[in-house]
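Please read them alongside the sequence and the coordinates.

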Amino acid sequence: MGHLKKIIKSPYMILLLFAAKLMIYYNLIDVDLKDIAFIILSVAAMGIIFVAFSRSRLKRKKGLFLLVYSLLSLLMFADSMYYNYYNQTVSIKQLWQAANVAAVPDSFVATLIPASFLLYLDIPFVYYYFKKNIQNERTRNGWSFKKEIKYIVTGLCAVFALLVVNPLDSVAIDKVNSVEFFTNHVNDVYNALTEKIVTEKVPAKEVLDAVEDVAVQSQGNQLQGIGKGMNLVVIQVEALQNFVIGAEYNGQVLTPNLNSFIKKDTVYFDRYYSNIGKGNTADAEFSTLNSLYPVIDRECYDLYADNTYDGLPWLLRDKGYHTFAVHGYKGEFWNREAAYPAQGFEDFYSMEDLDASDIIGLGISDKSMFKQAVDIFKGEKGPFFSFIITLSSHHPFLMEPEDVTLKLKDEDADTKFGAYLQAIHYMDEAFGQFIQDLKDAGLYDNTVIALYGDHHGLNVSMDNNAEIMSEYLEEPYDYDEMLRVPMMIHIPGGGVTKTISTTGGQIDFLPTIANIMGIDIEQPYVLGQDLVNATDGFVAFTAYLFEGSFVHNNAMFEISREEVFEGSRAWDINTGQQLDASLYEKDYNRAVTLKKTSKEILDQNLIADYIHRDTPVKEEQSEEKK
């Protein structure tokens, strides 16, 4: 009993409280608590921080310690929230997301985990014990203060060199760096500060060789030029997952209009995957329009806004098309307004340019936006390419009662699952109205319409979605279903109605639609393939699954939680059967190479070596928009 009292009164109580906090933290980010090494290392790091503060001569060290400890708690809280949504901890490179998070407060609140608030409970107790046990003397047990600091600094440098720099390129240290709280974030800051200095530029010839090696191009001419000369409308649907296509719920068809759409003159791709990064919707359209992978750091529309591109808007613009985008939210969101000129869009109709009287959730309702888009189409004097981004099915799927027509079961009334189905059903109604409006305007028969989902709506790690969806689908709900989105291309009068089950993703959209529209891509930096003529499908992932994860035909591979090949898992997406992950190291290396190659193309702006247009990208709005 006496020993217990001594512990309670001693500085070790701070470390015990911190250890309890770590158990909560690691549990929230899915780290196996059996691996006690992570907790021991974190507690040791906290001990160094405590000693440094308690022995220092700082006049306000109590307040500074409280500030540092509170900030560490806040970082843990941010990690738990970020992991809950992205399946990854937060990075210093994601600080830019703060403004975007503030713009969607409902989505932010919906990602909160009540248990995360436990990470703050120990702060007043830790502060109490720090004050109680603070040491003001300059020496203790014969050691000088300067000598103690010397040993502490030396130890910190040694740990930093070993764990953060990882000079021996140890897989074991990589595992620690990706999971342990302190080394993970110190390593993140170190990489952010040194990558521009230390990273050597890969010669352009090597990048081109890598493209030819890992970005396999499909062979064949099926459907080549079948839509040549027609108008093109590409619709990116917010949070549209593939499982809703052809599905019923509570005796109601979820997407009757999309179901009808794919039954005539439409090519439907049912093994199509989202390959977005942390930019979510913006990364989906970037990858779709350019056949390049997004980076994990931040959205490409900001990081590479001024690069030279040769994506779909430019390719059609070169053919005499008027190219423009339509979106029912603020033009500055995801930096679209600044980035779109370099993408090749001549005009951008955002919330500021449209009638914003009918709002659902984040912005203009899909029904209103589609109707206004058709009005814009009517004013076109020649062929046009319109890129439309829907919004009403945005997380957390908030709908007004008068907009809801899908009736839920009582047990689904207050779930994200039920709200999602209602939002998707509304979007489908808006799409059906859009098709009818195109027909009434005489535009339908001369317009190729492509539609796909930007990313998932129901995150497998949130809101009991895994349990509810598994029951609904009558099979386990895993990342293969979560990341699968529909893609369909309608060519009126084309006489082609088929389903293509070759595995593909947003990375493949550009070469696929280019084949159908009869467009040649004359620069080599295209990392996807034409899915109409492909027989072997491969998609690498950026967010939600760690880098190195991929889907290759029927095999889905998820890199380990520690981001190393050892301990990864693989399964058959058709049967759910577990596969031997050790057999997929070649594909793992291919996925990593694809991502690195894409980043080199963007970092070095290599497309500029091939594309030289006289048309200025930053110009005044076109006469059509005026």
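1. Lys367 is partly exposed, at 27% relative accessible area; buried stands for under 20%, exposed for over 50% and partly exposed for what lies in between, with a 1.4 Å probe and protein chains only. Its partner Glu429 forms a salt bridge with Lys367, the closest N and O atoms being 3.4 Å apart. Glu429 belongs to helix α18 (residues 416-440) and Lys367 to helix α17 (residues 366-378), so the pair ties together parts 62 residues apart in sequence. Glu429 is likewise partly exposed, at 22%.

2. The model is predicted: local features need pLDDT of at least 70 and side-chain atom pairs pLDDT 80 or more, while totals for chains, interfaces and linings use all residues. Residues are numbered from 1 along each chain as its sequence is written, and side-chain values use heavy atoms, without hydrogens or water.

3. How many salt bridges are there under the rule of a Lys or Arg side-chain nitrogen within 4 Å of an Asp or Glu carboxyl oxygen? The count is 14. Side chains of opposite charge can pair when their charged atoms come close.

4. Asp437 and Lys371 form a salt bridge, with the closest N and O atoms 3.4 Å apart. Asp437 lies in helix α18 and Lys371 in helix α17, so this pair ties together parts 66 residues apart in sequence. Asp437 counts as buried, at 16% relative accessibility, whereas Lys371 is partly exposed, at 41%. Helices (H or I, at least four residues) and strands (E, at least two) are DSSP runs, numbered from the N terminus.

5. Arg569 meets Glu558 in a salt bridge at 2.6 Å, N to O. The pair links strand β20 (residues 569-572), which holds Arg569, with strand β19 (residues 555-558), which holds Glu558, 11 residues apart. Arg569 is partly exposed, at 26%, and Glu558 is buried, at 13%. Arg569 also lies over the face of Trp571, 3.9 Å from the ring centre; the criterion is NZ of Lys or CZ of Arg within 6 Å of the centre and within 35 degrees of the ring normal. Elsewhere, a network of salt bridges links Asp310, Asp318 and Arg613.

6. Across the whole structure there are 40 aromatic pairs. The centres of the Phe345 and Phe385 rings are 6.0 Å apart and their planes at 25 degrees, so the pair is stacked. Phe345 is in the loop between α16 (336-343) and β9 (347-349) and Phe385 in strand β12 (residues 384-389), so parts 40 residues apart in sequence are tied together. Both Phe345 and Phe385 are buried. Rings of Phe, Tyr and Trp (its six-membered ring) pair with centres within 6.5 Å; planes under 30 degrees apart are stacked, over 60 edge-to-face and the rest tilted.

7. Buried residues of α22 include Tyr588, Val592 and Leu602. Asn605, with a positive phi near 55 degrees, follows α22.

8. The mean pLDDT of the protein chain is 87, with 85% of residues at 70 or more; pLDDT is the predictor's confidence in each residue, from 0 to 100. It stays under 50 over residues 135-145. Where pLDDT is low, the predicted coordinates should not be read in detail.

Definitions and conventions. Contact = heavy atoms within 4.5 Å.
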